[in-house]
Structure formats: structure tokens, C-alpha cells
Amino acid sequence: VELIEVCTSHELSCHNILAAVTFAARQNSLNKKKTKKKKAKKKKTGAKPRAPAQNILLLLLETIYSVQENVRAVRFASDAFCVLCQQASGDGMLPFMLEIGSSGLNAVAVAASVLTHTHTLATSSSSATADGSQAMAHCRESLSRLLAALSVYPQWRAFFCAFDAIPALIGVLRPNTVDSVAARANALAALMNSAVASDDTASEVYTEIRDQIHRGGAVAWLVHLCGGALGKDKTQARNKSTTKGKEGGAGVSASTASTSTTTTVAQEAALRRQRRLNKSMSDHVRERAAGLLSRCAVHPPILETLSHPSLYSRVAVAFVSAWQDSLRADTDDLPLLANLVRIVASCTSATRPQTLNLMRDSGADLAMVALLRYVALDLKLKPSDPRHRPSVQIAGNACKCMIACVANPTSAQANMLVRKGKLIGTVIDVIRSTNEASTRKNAAITLARLAKDPGHMVQIRELRGMEILMSLGRTIV
């Protein structure tokens, strides 16, 4: 199995295996249509792939399913299957699924059941040794990576809510002594992909997945991860790296120190991509936890849970902490900030006064105005620029928060945002800098609400804000 896993790192080998799988799936479908059988044979004469290549995919899946206690075999089989799944194009995924389905096994069901089984197996005497625990951790990491690869394709997402894959992935996120930080990052990626609302996925699918995330009690733990729960390991790794670099000039980067020691080809490729981004695995966990919550925050049960004062205050503190980290760091993390701002904006409402009070107490309202002023310049960038899209998301959701904060323009909070946060000038800059309709609308509504106060109206006129409101016309209604 390890030899097959190594072979899948070769592009030609993957191409040959996937071509054989496509051929086998086509032959199986043609055999059911007897009228086209002779014609198909004539077309494929001399181009029939070797039979062993057709069976590799099924053998890998059967290995994962049947050799559950041989965790090293499961690990290599999972990584090989993962690479083949990633190499299959969108058009080639249907033959991929048909060939697997001919064996009566489902890839999501197999990976989820083995992931659940290994959680119980990890506490047994057979894996009590250090080597056994490390092998178990690598096995679970590979299984979670396989589920993340399958979740990319909409054809597989329906199976995530049908075969208990969501509870298995939530089990990886919960505190335990087995799973690595990389395994949690993979599990979060799988949950993010399966819970996303997209046109190619039925609404019943991602709604059920979000329900299972809520019923599984994952919301509170995701909020905990958003706050940088794994950041201590990252900080310690960076400190050690800096010390070694000063002493011997051969310090290890934080991205290398905080990742797992899995040496399969799939993991090495993931590590290379990660090092190019100059992020540790803990950074990925924090960003993906925020991304998952931002996608699920519009789901009514999850929104109600996040709006509870105990969780909302932690989300607000996590946002302030991420913004302060960006100010201290050499480079900002706009995707993380965009996800956190979206979570806060989803929960903040004038109909929930406790959220406004918690924003003021945590300093999240002033931090959001400062972030809004920070991204105003990036709104002028071209849409192809990687900073443009997260900046537009931040601006739109931050202005949405400000609409709730200035619902009463004479309140102490509104006066503080105008006086100390320079909210009026910031909102006017946002309207001038972007052509995004929803962002301009939210910013204009914020400005229109502030204009109800005579004191704020004077400053708005000085900055020619009324002319902007008049030019936008009915778009802010």
C-alpha cells in the first residue's frame, strides 16, 4: 500500500489509474446497453488499459474499510486515495464515483466510520505506546485529509449528512490527546466545504449539515478556536525559531515547527503550500474555524447560539485580538478578519441591545471603525488583486455593524464612534472608494442615520456627505 501511495505522487501514474477507472466505468455502463456494445468494442480496440490499474481504486478503499486496526496501511491507503481524488477533474468525478459504487462501498461512509472507530481504538492498549499513538495520529490526519478532498466536489456533499461524517469530523475538533493540529485543520476544511451554500449544492444538504454541526455542540468549540486556542504553540514555536536564528542562524520557521511529522506525499505537498503562505498550522485552524462559523452564522439555530452573551463576547474579543495581532505583525490577515467581522455583523442588531453593550465593553466597535478606515484604500484596488475581495467583505459587514451601533444617533456609543473613531469621515471615504452596491448601501444608511442628529449633521455637511447621499438617491431606501 505504501508503494502505491508513492506511485500516486507521479503525474503519469495518476493519469493512467484515472484513465483506467474512467474506461471501466464507461464499459460498465455500456454493458447495460446491449445495442451499443459492439460499437463500443470497435472504438476501444487496442486502447484498453491494464486490468490491475482499474482495481487500484477499489483495493485502496477496501483496505481502508477492512484493515481498520492496521493504522499504517489505512494511512497510506487514505493518502493515495486522496491524491487520486484531487487529481480527478470535475468531468472525471462521475466515473470515479461510479467505479467506487460498483463495489457497494461509499468513500465518505468508509472514511467516516474508520475515523470514528480509530477514536475508540486510540484509547485501547494496542496504541498506548508512543509509537502507537503517533501512528494513530497520522492515520486520523490522513482520514480527515481524505474527507476534506472529497468535500470539494458537490457530488459527495450529500453523503456527509447521510453517513455520520459530520459527527466524526467534530470528534477531531474536540479536545483530545490524539489528533494533531494538522488533523483539525483538515477537519475544518471538510466542514467548511460541506457547509457552504453554493448553487451546485441542494439547500437541503448544507442546511442539514449546519443542523448537525449545531446539534453536535461544535459552535462553542469553534468560537474557542477562533480566539487562537492553539496560538500558544505557534507563539512558542516562533520564539524558539527566533532564538535559534540568533544563536546559530539555522532557526526553524513557525510553519515547520507547528505542523505534523507525517511524511507521505500528500502531506508534503500540503506543507509546501502552507510554507509559501508563511502561516503556521495554528493560523490555518484559526482562520478555518472563523470561516466555518461565518458560513453557518446565518443559520437560525447557530445564530441564536452565537448571540448568547457568553459566546458573543468571546467572538468580539477574538476579533479585537486578531486586529491587534495584525497591527503588531509585519503583514495583516485579511481573510481571518473578514470572517470574524462577518460573524460579529450577523449577530449584532439593534433588537439585541446586549450585543451593542458587549461591543462597547470589549472595544470591538472602535476596532471595527479602525479596520474600516484601514481597508478603505484597498477598496480602490482592481478586483483581481487578492486584497480586494476580503476588503470589500470587511467594509460591507463593518458598515452593517455600524448601522446597529448608530440606530440611536444621540447615544453615548454613537457619539464616541464619531468623536474618537472618526466614523463620519471613514464612512464617506468608503462610499467614495467602492463601487460595490451592497457596501455603498450599508455605508450610506450609516451616514443617513447619523445625519438625524444636528451635531453630526454639521460635520457631514463639512465633508460634503449630504451631496453623496443625494447622489445615491433611492439606492439607500
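Me: Why are α11 and α12 called oblique to each other?

Reply: Happy to walk through it! This is a predicted model, in which local features need pLDDT of at least 70 and side-chain atom pairs count only at pLDDT 80 or more, while totals for chains, interfaces and linings use all residues. Residues are numbered from 1 along each chain as its sequence is written, and side-chain values use heavy atoms, with hydrogens and water left out. Now to the helices: α11 and α12 pack at an angle of about 140°, with their axes 8 Å apart. Angles under 35 degrees count as roughly parallel, over 145 as roughly antiparallel, 65 to 115 as roughly perpendicular and the rest as oblique. The pair is therefore oblique.

Me: Which residues of α11 and α12 meet?

Reply: From α11, L191, S194 and A195 meet Y206, I209, R210 and I213 of α12. Here contact means heavy atoms within 4.5 Å.

Me: What makes E204 count as exposed?

Reply: E204 lies in helix α12 (residues 203-215). Buried means under 20% relative accessible area, exposed over 50%, and partly exposed in between, using a 1.4 Å probe and protein chains only. E204 has 58% relative accessibility, so E204 counts as exposed.

Me: And what makes H456 count as buried?

Reply: H456 has 7% relative accessibility, so H456 falls on the buried side. This residue lies in helix α27. Leaving out residues up to four places away in sequence, H456 touches P409, N415, V418, I424 and L450. Its side chain also reaches the backbone oxygen of P409 at 3.1 Å. For a polar contact, a pair of N or O atoms must lie within 3.5 Å; within protein, one must be able to donate a hydrogen and the other to accept it, and residues adjacent in sequence count only if both atoms are side-chain atoms.

Me: Which residues are buried in α27, and how do you know that they are on the same side?

Reply: In α27 (residues 454-462), the buried ones are H456, M457 and I460. They cover an arc of only 105° around the axis, which puts them on the same side of α27. That arc is taken from the directions from the helix axis to the C-beta atoms. In general, an α-helix has 3.6 residues a turn, so residues three or four places apart point the same way. On the other side of α27, P454, R461 and E462 are exposed. The cover over the buried residues includes α24 (412-419), α25 (423-433), α26 (437-450) and α28 (465-472).

Me: What caps the N-terminal end of α27?

Reply: D453 does, with a side-chain oxygen 3.2 Å from the backbone nitrogen of G455. Just after α27, R464 takes a positive phi of about 60°. R464 sits in the loop between α27 and α28.

Me: Where is D164 found, and is it buried or exposed?

Reply: D164 is found in the loop between α9 (154-160) and α10 (165-173). Its relative accessible area is 52%, so D164 is exposed. D164 has a positive phi of about 55° although it is not a glycine.

Me: How many helices and strands does the protein chain have?

Reply: There are 28 helices and 0 strands. Helices (H or I, at least four residues) and strands (E, at least two) are DSSP runs, numbered from the N terminus. Of the 477 residues of the chain, 53% count as buried.

Notes: Axes fitted to C-alpha atoms, helices over the stretch in contact; angles between N-to-C directions.
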